[in-house]
Amino acid sequence: MKDHGSDMNGFRILAINPGSTSTKVALFEGDGALAHKTLSHSDQVLSKSKRVLEQLDMRIGAIQEFLEENRIVLVHAVAGRGGLLRPLPGGTYRVNETMLRELAEARYGEHASNLGPLLASHFGGKFGTPAFIVDPISVDEFEPCSRISGVPGIERQCRVHALNIKAVARRRALEMGRALEDTRFVVAHLGGGISVCALAGGRIVDSTDALLGEGPFSMERSGTLPLAGLIDLCFDKGLSKEDVRSLLSRGSGFTGYTGCGRFMAALERIEGRDTLPSLVFEAMVRQTIKWIGAMMALCKGKPDAVILTGGMANSKYLIDAISACIGPFAEVISYPGEFEMEALAEGVLRVLQKREPALEYQGHSEEHLLFSD
């Protein structure tokens with residue numbers, strides 16, 4: 001997937017994307033990746049780290065081996081996956097000391113992506129090149145009224161798959177021959193978590209909460225819940241705050257009902273006409289359709305497209321089920337998989353080619369503590 005004008009023009013960009021059990025790394029130049037690899041990290045190694053920061057040296061070593069294996073000695077910039085920072089508009093940000101300090105402190109929470117800027121900074125220093133992040137997890141472009149939840153003291157949060165969502169929005173705008181600023185899209189990222197967003201001019205003006213909040217349930221996450229049942233769960237089951245967080249973010253959804261947390265395994269059970277997985281899957285699809293419809297209404301008319309992306313978008317069964325309901329009202333476009341590595345490189349390229357300014361990260365302020373407990 002290429003952004004407008006994304007011929008790399010000789011620029012070599014190293015992209016680094018740390019996940020919970022692996023680190024994706026790729027070197028981009030010209031029309032695509034010169035080298036790429038997913039570096040897997042064993043549970044035995046990861047279990048030794050009480051904090052994500054303790055994995056930094058291990059991941060540096062794994063990336064260094066990748067560089068040596070591929071004889072990579074020239075890089076013009078390094079792009080890292082952005083971690084849990086204060087809420088901020090989308091764009092390409094220089095990695096600076098304020099950002100590194102807040103991520104090292106895990107000020108806004110522990111997450112594997114916190115290592116992205118730290119790794120980018122390390123290898124940027126090694127190659128003598130600038131380091132950047134692109135559309136981090138904490139992208140927040142909500143309109144003021146989107147933040148109001150209905151309960152004073154509880155604020156709606158934008159926690160979505162921003163990097164991939166913005167990448168596919170740019171791709172669709174390019175295919176339409178339209179400037180991103182002149183488009184209105186609804187984008188649903190269908191993965192381990194499900195994000196459904198309304199985009200106006202490329203900005204995420206409203207969304208579900210893919211981590212722990214509202215929206216459709218997914219393979220592991222609960223999504224929106226009936227409040228009476230949630231209150232009973234919190235007060236009548238003897239669960240701690242951390243127990244509840246873990247249950248709602250990792251032990252709910254399809255996993256909670258069926259004990260099956262892998263999407264392909266779930267489809268196999270459905271194709272085998274297993275009654276419970278089929279019913280739960282139908283419910284997950286229905287909830288996703290309902291939230292897509294809600295975001296379509298915010299487009300103030302028919303959106304230019306409803307875009308489906310993420311790992312689950314590889315399933316024709318799932319795409320057809322959603323399209324059957326949404327298709328009569330809007331064009332449905334599917335971009336299966338994730339385009340995060342390409343999006344990291346393309347975001348940095350836009351800065352290097354001076355098509356977009358590099359943004360400067362400003363640090364902590366009390367009104368931005370949206371990711372704290």
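The questions and answers that follow concern a predicted model.

Q: How many salt bridges does the count come to?
A: Side chains of opposite charge can pair when their charged atoms come close. With a side-chain nitrogen of Lys or Arg required to lie within 4 Å of a carboxyl oxygen of Asp or Glu, the count comes to 19 salt bridges.

Q: With which residue does Glu69 form a salt bridge?
A: Glu69 belongs to helix 2 (residues 56-69), and its partner, 32 residues apart from it, belongs to strand 3 (residues 32-40), so that the pair links distant parts of the chain. The closest N and O atoms of this salt bridge are 3.6 Å apart. The partner is partly exposed, with a relative accessible area of 38%, and the residue in question is Lys37.

Q: Are Asp206 and Arg156 buried or exposed?
A: The side chains of Asp206 and Arg156 meet in a salt bridge, at 3.0 Å from N to O. Because Asp206 lies in strand 9 (residues 203-207) and Arg156 in the loop between strand 6 (131-134) and helix 5 (162-176), the pair ties together parts that are 50 residues apart in sequence. As for their accessibility, both residues are buried.

Q: Which residues are joined into one network with Arg172 and Glu331?
A: Arg172 and Glu331 form a salt bridge in which the closest N and O atoms are 3.4 Å apart. Since Arg172 lies in helix 5 and Glu331 in the loop between helix 11 (316-326) and strand 11 (332-336), this pair ties together parts that are 159 residues apart in sequence. Arg172 counts as buried at 12% relative accessibility, whereas Glu331 is partly exposed at 38%. Through salt bridges that share partners, the network also takes in Arg171 and Glu175.

Q: Of the residues that line the largest cavity, which are the closest to its centre?
A: Rolling a probe the size of a water molecule over the atoms shows where empty space is left. The count comes to 4 cavities of 30 Å³ or more, and about 70 Å³ of space lies in the largest cavity. Of the 15 residues that line the largest cavity, the closest to its centre are Asp209, Ala210, Pro216, Arg221 and Gly223.

Q: Where does the largest share of the lining of the second largest pocket come from?
A: The second largest pocket holds about 500 Å³ of space. Its lining is made up of 21 residues, of which Arg170, Leu180, Glu181, Arg350 and Glu356 lie nearest its centre. The largest share of that lining, 4 residues, comes from helix 5.

Key: Residues numbered from 1 in each chain as written. Predicted model: local features only at pLDDT ≥ 70, side-chain atom pairs only at ≥ 80, totals over all residues. Heavy atoms only, no water. Helix = DSSP H or I, 4+ residues; strand = E, 2+ residues; numbered from the N terminus. Buried < 20%, exposed > 50% of the residue type's maximum accessible area, 1.4 Å probe, protein only. 1 Å grid on protein atoms, 1.4 Å probe; cavity = no way out; pocket = protein on both sides within 12 Å on 5 of 7 lines; lining within 4 Å. Points joined across faces, edges and corners; volume = space filled by probe spheres on them.
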